[in-house]
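Student: I have a new model open and would like to learn how to read it. Can we go through it together?
Tutor: Gladly. Take a look first.

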Amino acid sequence: MIVERALLEWPLVVATIVIFGTTAFVLLSTGSGRDDLPAVVACVLPIWRLLAVVALLVSPFVLLNVTAEMATVSWTGAVPFVPEVLAQTHAGRVWEWFRPTALLLLLVAYIPLRQSIRARMLFVLAGVLLFLRALLSHAIDKGRLAVAVYLLHEIAAGLWVGALMVLWIVARRGNAPDIWIEGAARRVSKLAFWSVLAIMISGIYTAYNGLGFDLYHLLFSAYGRTLIAKVAVFAAVLTIGGYNRYWLVPQVSDSTARDRLLRNVEVESLILLFGVLGLATLLANTPPAHGPGGHAGQSMMAMFIGQPRRRTYETGFEHIGKFRRTYKK
Ligand code: HEM
């Protein structure tokens, strides 16, 4: 059930992370005075459009799946419960914002617009979707700081993946001049360094919330083992990234080094998209082993006996009056 749910959500995670990260890198690397934005956007626009369609098409099925699990019924049996879940649960209230945002994302990807405005609007809308995903995550049980750190983790992941993908796509599909590839490679390397640092700090904090300082939970819980697998794949990508940064980027004006760098960037992007983001989605759908002061212990038992993601909490967003929810028992 957890794997099926993660498989269903993975395209949504990839769509939001990649649109956020690639629009951010396009805006960051084609700033003031540069005229290469339209050419760069022309290369990545088909990806933005495809992923916007994926986000809009997949999100209703994720909501239906969440409803089916809450009511412990089949997908068809869950349809009549959807309005109640939307009205009476935290997840439902968040999904009420998710769907129109995903629709807006699709419209902005397709309607005639100046490319710089389109990139900015897609960046903001994808950022909103990442925030909504953080509100749907385990971090919500730990309060505002945990949600903010979770969002930072997603943002840093998006910036790293997005930078690599824009360099790969524009170099491969855009016939970009060598001078553009050399400049972009240096910018990717700088952004990747800071993003990876932010990913590690926010990831360790979020892992601590899910596991506590508990080696037993890290080694023997499903959550701990999924996290270990994720960090192992991440470490492999980091090795390639380190070789790129300290060996190939300094020689990027040499054509052999440049070809090898682009090949490595392609491999890094694919491992991050399928390996790391796949395991991240599985982790986000696996009940946390336990964290200090949380409710996970009690609800963990409920989750292990097949009723995942039950939470009882108050979020601290009461003043907005939108996110205070208790799942129906
Ligand atoms: C030291 C390395 C890392 C650690 C310790 C770490 C830890 C975590 C933890 C604990 C979660 C929360 C899962 C939950 O909801 O309970 C998470 C989520 C996530 N991580 Fe990482 N992570 C690391 C590296 C990465 C990397 C390299 C990426 C991608 C480039 C990444 C992308 C994500 C994403 C997108 C989510 C949210 C998934 C979702 O919303 O479904 N993480 N990570």
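This is a predicted model: local features need pLDDT of at least 70, side-chain atom pairs count only at pLDDT 80 or more; totals for chains, interfaces and linings use all residues.

Student: Which ligand atom lies 2.8 Å from a polar side-chain atom of histidine 153?
Tutor: A nitrogen atom of the ligand. Tyrosine 223 has a polar side-chain atom too, 2.5 Å from an oxygen atom of the ligand.

Student: Which residues come nearest to the ligand?
Tutor: Arg133, His138, His153, Tyr223 and Lys230. They belong to a set of 27 residues around the ligand.

Student: How do the residues of that shell divide into nonpolar, polar and charged?
Tutor: Sort them by residue type. The shell has 19 nonpolar residues, five polar ones and three charged ones.

Student: Which helices each supply at least two residues of the shell?
Tutor: Helix H1 (2–29), H7, helix H8 (178–211), helix H10 (222–248) and helix H11 (255–284). H11 gives the largest share, seven residues.

Student: Now the whole chain. How many helices and how many strands are there?
Tutor: Twelve helices and zero strands. Read along the sequence, the pattern is α-α-α-α-α-α-α-α-α-α-α-α.

Student: What share of the residues is buried?
Tutor: Of the 329 residues in the protein chain, 53% are buried. The chain exposes about 15,100 Å², and carbon and sulfur atoms supply 69% of that area.

Student: What share of the contacts with a separation of 6 or more comes from residues 24 or more positions apart?
Tutor: Such residues account for 72% of those contacts in the protein chain.

Student: How far apart are the end C-alpha atoms of helix H7, and what span should its 30 residues give?
Tutor: Count 1.5 Å a residue, then compare. H7 covers residues 144–173 and should span 44 Å. Its end C-alpha atoms are 42 Å apart, which agrees.

Student: Why is H7 called largely enclosed?
Tutor: Because 23 of its 30 residues are buried, H7 is largely enclosed by the rest of the structure. Just after H7, asparagine 175 takes a positive phi of about 50°.

Student: What does the span check give for the 34 residues of H8?
Tutor: At 1.5 Å a residue, H8 should span 50 Å. Its end C-alpha atoms are 47 Å apart, which agrees. Just after H8 comes glycine 212, with a positive phi of about 70°.

Student: What does tryptophan 10 count as, at 23% relative accessibility?
Tutor: Partly exposed. Tryptophan 10 is found in helix H1. Not counting residues up to four places away in sequence, tryptophan 10 touches Leu273, Phe274, Leu277, Gly278 and Thr281.

Student: How far is the C-alpha atom of tryptophan 10 from that of valine 58?
Tutor: They are separated by 9.6 Å, while the two residues are 48 residues apart along the chain.

How values were computed: Residues are numbered from 1 along each chain as its sequence is written. Side-chain values use heavy atoms; hydrogens and water are left out. Helices (H or I, at least four residues) and strands (E, at least two) are DSSP runs, numbered from the N terminus. The expected span of a helix is 1.5 Å times one less than its number of residues. Buried means under 20% relative accessible area, exposed over 50%, partly exposed in between (1.4 Å probe, protein chains only). Contact means heavy atoms within 4.5 Å. Accessible areas come from the Shrake-Rupley method with a 1.4 Å probe; for residues, only the protein chains shown count as cover. A residue is near a molecule or strand if one of its heavy atoms lies within 4 Å of it. A polar contact is a pair of N or O atoms within 3.5 Å; within protein, one must be able to donate a hydrogen and the other to accept it, and residues adjacent in sequence count only if both atoms are side-chain atoms. Ala, Val, Leu, Ile, Met, Phe, Trp, Tyr, Cys and Pro count as nonpolar, Asp, Glu, Lys and Arg as charged, and the others, Gly among them, as polar.
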